[in-house]
Amino acid sequence: MRITTISHPRLVNCNYRSYQPLMALEREGHTITVNRIDGPRYRESDLFASDVVHIHRYADDEVRQLVARLRASGIGIVWDNDDDESTTPRGNRLHREKASGLNAMRTARAIREIVQLADVVTTPSVHLADQYTRLGARDVRVLENYVADHYLRCHSRPHSGVVVGWLAGKEHKADYEGLGLESTFRRLLAERPNVSITSIGLGLGLQSERYKHIDMLRWMTDLAPGIAEFDIGIAPLIDVPFNRARSNIKVKEYAAVGVPWLASPIGPYARLGQAEGGRLVKDDEWLDSIFALVDDERRRRRLAKRCRKWVKAETVSRNAHRWHEVFEHAASIAKSRLHA
């Protein structure tokens, strides 16, 4: 197949929803064209030579007009989104552009129009899949985010003490504040001298020699080794619409490098648990749950084994066929449409 993607190369989400699955398909012999950081958003010559065009998140007027032309030319359209942009929280840099006032209405209208134009809509979120179906999408598929294969080759280096880590984009400030985690972490540091805390992305404002903030790591080369330094990974969420639409990739990445995890029973995490190497934590149980895992090394080792067992089936290469099935289906719909 010839597949061309329109995505935002600087957006980390594109690694999961575009670049990684398409590169896996390229290794299987398909012809893939991805837009690069230093190039244009798309080239029409590439798009109109494709069997399928895969669009991640873009739904602006220009793209919707382009999709109408591609449809008329018999080219399949797969539109993908992995965030509920209309409920983007205030801490997110896209809040004003996507979710405030009239912009929220424009975002909702654009999404409604694009999902009705697409042959297939994909999302990692059951919450979003239901939403897009209600908006009139003809065919919606839930395709989870999968772990890049190189994570499985990453292992922790020996170190003293117990590292509690949080991979958290800056929009997680709302979760940090909403769950009162600053006081939780301060007590953790005060009462467990063997514990240190690391956050990647969001700064937690903790004044301690045992707290480390890493502002950013390169996704392809540095993120997996950074996560592997954790002994416990956390994924706290407050119960708001934006969080219900998230994917479960964070705990998969913890699990892939053998890090047992604790997560809120919200959205993507609600169906996970000890079989996947972690435990779900109620809003008022974070301190006790972290204490319990910090103090039980044997349990951490047992959960780490379950992590790696679970995530072997959750890699990009093991699930590339799911994307291929979607693209094949979209192409067959487009051919039928052209000859109708």
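**The contact of α8 with α12**

Analyst: In this predicted model, the contact is made by Leu181, Thr184, Phe185, Arg187, Leu188 and Glu191 on the α8 side and by Trp286, Leu287, Ile290 and Phe291 on the α12 side. By residue class, the contact comprises seven nonpolar residues, one polar and two charged. Two packed helices are described by the angle between their axes and the distance between the axes. Here, α8 spans residues 181-191 and α12 spans residues 286-294; their axes come within 10 Å and cross at roughly 35 degrees. The crossing is right-handed.

A salt bridge joins the side chains of Asp295 and Arg192, with an N to O distance of 2.8 Å. Asp295 lies in the loop between α12 and α13 (297-311), and Arg192 in the loop between α8 and β8 (195-201), so this pair ties together parts that are 103 residues apart in sequence. Asp295 itself is partly exposed, at 48% relative accessibility.

The salt bridges of the model number 26. Another of them pairs Asp80 with Arg17, whose closest N and O atoms are 2.7 Å apart. Because Asp80 lies in strand β4 (residues 76-80) and Arg17 in helix α1 (residues 13-27), the pair ties together parts that are 63 residues apart in sequence. Asp80 and Arg17 are both buried. Elsewhere, salt bridges link Asp61, Arg64, Arg109 and Glu113 in a network.

How values were computed. Residues numbered from 1 in each chain as written. Predicted model: local features only at pLDDT ≥ 70, side-chain atom pairs only at ≥ 80, totals over all residues. Heavy atoms only, no water. Axes fitted to C-alpha atoms, helices over the stretch in contact; angles between N-to-C directions. Helix = DSSP H or I, 4+ residues; strand = E, 2+ residues; numbered from the N terminus. Left-handed = near helix turned anticlockwise from the far one by under 90°. Contact = heavy atoms within 4.5 Å. Nonpolar A, V, L, I, M, F, W, Y, C, P; charged D, E, K, R; others polar. Salt bridge = Lys/Arg side-chain N within 4 Å of Asp/Glu carboxyl O. Buried < 20%, exposed > 50% of the residue type's maximum accessible area, 1.4 Å probe, protein only.
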